Amino acid sequence: MSKTLQAIRGMNDILPEQTPLWRYFEGTVAGLLDTYGYRQIRMPIVEFTELFKRSIGEVTDIVEKEMYTFEDRNGDSLTLRPEGTAACVRAMLEHGLTGGGQVQKLWYNGPMFRHERPQKGRYRQFHQIGCEVFNLDGPDIDAELIVLTWRLWGQLGLRDAVKLELNSLGTSEARGRYREALVEFLSARLQQLDEDSQRRLKTNPLRVLDTKHPETQALLVDAPKLADYLDEESRVHFDGLKARLDAAGIPYVVNPKLVRGLDYYSKTVFEWVTDQLGAQGTVCAGGRYDGLVEQMGGKPTSGVGFAMGIERLILLLETVGQVPESIGRQVDVYLCAFGEQAELAGLALAEQVRDQLPNLRLQVNAGGGSFKSQFKKADKSGALYALILGDDELAARVVAFKPLRGQGEQQNIAWDALHAHLANCVVQG
Ligand code: ATP
Ligand code: MG
C-alpha cells in the first residue's frame, strides 16, 4: 500500500484563499520600495554550502543545525538558502557591482529554508522580503531603511502593533573587547547558566545575551553592557541614527541586549517586534554588516539591510484585523449563458468588454448548466453582478444585468452599452 503523499513538515502550501492577501502584502512592499529607489534582485535558491559557512559564520544556529545541505550529482555540497544576504553579496562580487564605491540599493523576495521546529510563525520554508544597501556607511541610510519600514507599517495599518528596538554592536574591535569582559563575567557563573548558554559561551558568547531562559536572563542584568564598550566612531554613528529617527518622529527603544543571530553584523542592529504573535514576535530585523563583503573576498565595502518575515506579517495583519475587505473579492461580474448560441454570443461579448475594460474581473461561466446551477455559481463566485444571456436576450441583442449584492433592479442592457454601464457600476479596486 502506498502512503498518502504529503508536503514536508514546516513547508506550507499557500492556497488560493490566502494568495490575495499575499499579493496585497507583496504588492504594497514592492510599490513602496520602488518609490524609495530600491531595485529588485533575484538570486538562486541553491548555493554552494561554503557561501553560507563563510558569510553567516560556522558557529551560528543556522550553520550548525538549521541548513538543508545535500550533495548534488557532481559531489558538490549545496545548500537551500537560509537567508538572502549571503547570496546577494555573492552576486555583487561576482558581477562587480559594488566595485569603485558604486552604491547599490536592492531588494529581494523569496523562500528561505531552515530546519527549525515548526510552530506558529516559524516554518522550515518561509518567505522574506529583504533590502540590502552597499557603499553607504553613514547613519542616514540606516535611518532610511527604518523610515521606509515605518511607512510600510503605516500603509498596512500595523503601526500600533509593532515596536522598534535598536542597538549598536560597535566595530569588531570594540565587540572583541566586550566579548572578553562578558566571557569573564559568565565564566565565573558557569554553573548557573542554562545548558544552551554554556554551549554558546564557548562558541559565540554574545549570543548568550539572546537567551530565552529566565534564570540566565536574570543573571545578565548585572553583566557588562555592550554600550560601555562602544568605540567613539560607533557611538557617533548610533547618535546620528537616533537623531534622524527623532527628526522623523519614529518611536524606538534602545535594547542593549539586542545582538541578532547572525555573526556578520556591526554597528546598527534593529528589530521590529510585536506582542501579538506569541513567541515569534520579530517581524522584521536587520542591521549593518560593514565587514561582510571583505570577509567574503571583496574589497572593504559597507553594507546595511533588513529582512522581514512574510508569514509573520500576514499573521499579524489577520490578528489585528487589518486585512482590507476589497482583497477578498476575486470576481466583479459573472456571465451566465444558456444554450449554444448564447454561449457563442456571450464569449464574443465578454472579449469585447475585456478590450474596453481591461481591469474588469469578468468570469464567464464554463461547463454549461441549468439557470439555477449557473446562478448558484455566480453567487458563490462573490461577484457583484451577474450578466444573463438566454434566447430572448440574444434575439433582442441585450443582456440581463442583475445585482447580486444589495440593492438594484434587474434591467436589460444593450450589448453596445454594456461596457459603459459596467464602468459606471463596478468600483475598480
Ligand atoms: P528568530 O529569532 O525568530 O529565529 P532570526 O533572528 O533567526 O529570527 P532573521 O534571520 O533575522 O531571523 O530573519 C529575519 C526575519 O525572518 C525574522 O525576523 C522573521 O520575521 C523571519 N523568520 C526567520 N526565521 C523564520 C522561520 N523559521 N519561519 C518564519 N519566519 C522566519
Ligand atoms: Mg532564528
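This is a predicted model: local features need pLDDT of at least 70, side-chain atom pairs count only at pLDDT 80 or more; totals for chains, interfaces and linings use all residues.

Colleague: What makes you describe the protein chain as more spread out than a compact globule?

Modeller: The protein chain has 15 helices and 16 strands. Its radius of gyration is 28 Å, whereas the globule rule gives 22 Å for 429 residues, and because the value lies well over that figure, the chain is called more spread out than a compact globule. Along the principal axes, the C-alpha atoms fill a box of roughly 90 × 65 × 45 Å.

Colleague: What share of the residues is buried, then, and what share of the contacts with a separation of 6 or more joins residues 24 or more positions apart?

Modeller: Of the 429 residues, 51% are buried, which is to say that each of these has under 20% relative accessible area. Among contacts with a separation of 6 or more, 70% are between residues 24 or more positions apart.

Colleague: How do you know that the buried residues of helix α13 line one face of the helix?

Modeller: The buried residues of α13, which spans residues 371-380, are Q374, F375 and A378. Viewed down the axis of α13, these buried residues fall within an arc of 100°, so they line one face. In general, an α-helix has 3.6 residues a turn, so residues three or four places apart point the same way.

Colleague: Which residues are exposed on the other side of α13, and what covers the buried ones?

Modeller: K372, K376 and K380 are exposed on the other side, the word being kept for residues with over 50% relative accessible area. The cover over the buried residues of α13 includes the strands β12 (333-337), β14 (385-389) and β15 (398-403). After α13 comes G382, whose phi is positive, near 85°.

Colleague: Which residues does V273 contact, once its neighbours within four places in sequence are left aside?

Modeller: V273 is then in contact with A161, V162, K163, E165, G281 and T282. As for I41, it is 232 residues from V273 in sequence, and their C-alpha atoms are 26 Å apart in space.

Terms used
Residues are numbered from 1 along each chain as its sequence is written. Chains are lettered from A and ligands numbered from 1 in the order in which they are written. Side-chain values use heavy atoms; hydrogens and water are left out. Helices (H or I, at least four residues) and strands (E, at least two) are DSSP runs, numbered from the N terminus. The radius of gyration is taken over C-alpha atoms; the globule rule is 2.2 Å times the number of residues to the power 0.38. Buried means under 20% relative accessible area, exposed over 50%, partly exposed in between (1.4 Å probe, protein chains only). Contact means heavy atoms within 4.5 Å. The arc is that of the directions from the helix axis to the C-beta atoms.
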